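Q: Please take a close look at the pockets of this model. I would like to know what lines them and what lies around them.

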Amino acid sequence: MDNINKQRMVLSGYQVCLKTLEDQDLEYIYKWKNDWGLAKLIKAYPLPIARYEIQEWLKKNHSDKNQIFLGIYLKDYVSIIGVIRLKYIDWISRNAELGIYIGEDKYRGRGLGKEALKLLLIYAFQEINLYKINLTVLESNASAIKLYKSCGFTKEGLLREQFWVNGKYENVLLMGLLRNEYKENLGE
Ligand SMILES: CC(C)(COP(=O)(O)OP(=O)(O)OC[C@H]1O[C@@H](n2cnc3c(N)ncnc32)[C@H](O)[C@@H]1OP(=O)(O)O)[C@@H](O)C(=O)NCCC(=O)NCCS
């Protein structure tokens with residue numbers, strides 16, 4: 001997959017664009033990675049993370065050929081508001097797992113997450129020719145489930161009492177979007 005030039009990738013929408021992270025974004029990722037409220041929503045554990053660990057983690061993500069890791073920016077191309085990624089890309093079966101978050105509360109519920117996801121789906125299905133996108137989400141995460149359903153994802157399964165959060169085990173939904181469902185969803 002060497003033909004993917006991650007350095008120059010910019011996907012532009014009306015309100016947001018997706019592009020590779022810059023050095024100055026590190027502080028935001030550091031802040032969000034240590035936001036335990038956010039960690040619970042994205043099924044990460046509330047453990048403290050140091051700056052140098054974030055630096056190394058970002059470097060590793062960037063050089064991983066089976067992952068596309070992008071920042072979600074406002075259309076000034078500078079203000080980062082979240083991240084989105086395709087991980088565990090399987091280049092033979094042509095599927096990948098989606099992850100997304102908007103880091104700051106004030107930017108949530110304004111249609112920005114949906115636009116970012118739509119941009120990523122165009123990239124995933126049209127540019128790198130994936131066949132299917134999978135994801136997992138806490139059953140209690142209503143806004144994320146609504147976002148995924150509105151982009152055509154359907155429920156494929158349920159992992160019972162899978163994730164320890166807020167002092168109890170919670171169910172995790174498995175959701176998926178096939179290439180043809182994505183097309184139907186866009187009315188193509
Ligand atoms: C989940 C998340 C990415 C959605 O992005 P967003 O910008 O807030 O969502 P949008 O404004 O684009 O809305 C997308 C859909 O979800 C709905 N929605 C948004 N916030 C909602 C809320 N708090 N409750 C219910 N529905 C909500 C919108 O109405 C919209 O549906 P529609 O297109 O049918 O109108 C964002 O809220 C977020 O980062 N949350 C914290 C991290 C997280 O949960 N990540 C996902 C882990 S699986």
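**Pockets and their surroundings**

A: The second largest pocket holds about 370 Å³ of space. The structure is a predicted model. Lining this second largest pocket are 13 residues, and those nearest its centre are Leu21, Glu22, Asp23, Leu58 and Lys59. Helix 3 supplies the largest share of that lining, with five residues. Sorted by class, the lining of the second largest pocket consists of four nonpolar, five polar and four charged residues.

The largest pocket has a volume of about 1,200 Å³. It is lined by 44 residues, and Ile42, Gly99, Ile100, Tyr101 and Tyr148 are the closest to its centre. By class, 22 of the lining residues are nonpolar, eleven are polar and eleven are charged. Several elements supply at least two residues each to the lining of the largest pocket: helix 2 (36-41), helix 3 (51-63), strand 4, strand 5, helix 4, strand 6 and helix 5. Of these, helix 5 gives the most, with seven residues.

The largest nonpolar core has 41 residues, and the members with the most contacts inside it are Ile84, Leu86, Leu98, Leu117, Tyr148 and Phe153. At least two residues of this core come from each of strand 2 (16-19), strand 3 (68-74), strand 4 (80-90), strand 5, helix 4, strand 6 (132-138), helix 5 (142-150) and strand 8 (168-178). Helix 4 contributes the most to this core, with nine residues. Tyr148 is named both among the core residues with the most contacts and among the residues closest to the centre of the largest pocket.

Leaving out residues up to four places away in sequence, Leu86 touches Asn66, Gln67, Ile68, Ala96, Glu97, Leu98, Leu120, Ala124, Ile128, Leu130 and Ile133.

Glu104 counts as buried because its relative accessible area is 18%, under the 20% limit. Its side chain makes a polar contact of 2.9 Å with the side chain of Trp32. Apart from residues up to four places away in sequence, Glu104 touches Lys31, Trp32 and Ile81.

Definitions and conventions:
Residues numbered from 1 in each chain as written. Predicted model: local features only at pLDDT ≥ 70, side-chain atom pairs only at ≥ 80, totals over all residues. Heavy atoms only, no water. Buried < 20%, exposed > 50% of the residue type's maximum accessible area, 1.4 Å probe, protein only. Polar contact = N/O pair within 3.5 Å; in protein donor to acceptor, adjacent residues only side chain to side chain. Contact = heavy atoms within 4.5 Å. Core = buried A, V, L, I, M, F, W, Y, C linked by side-chain atoms within 4.5 Å. Helix = DSSP H or I, 4+ residues; strand = E, 2+ residues; numbered from the N terminus. 1 Å grid on protein atoms, 1.4 Å probe; cavity = no way out; pocket = protein on both sides within 12 Å on 5 of 7 lines; lining within 4 Å. Points joined across faces, edges and corners; volume = space filled by probe spheres on them. Nonpolar A, V, L, I, M, F, W, Y, C, P; charged D, E, K, R; others polar.
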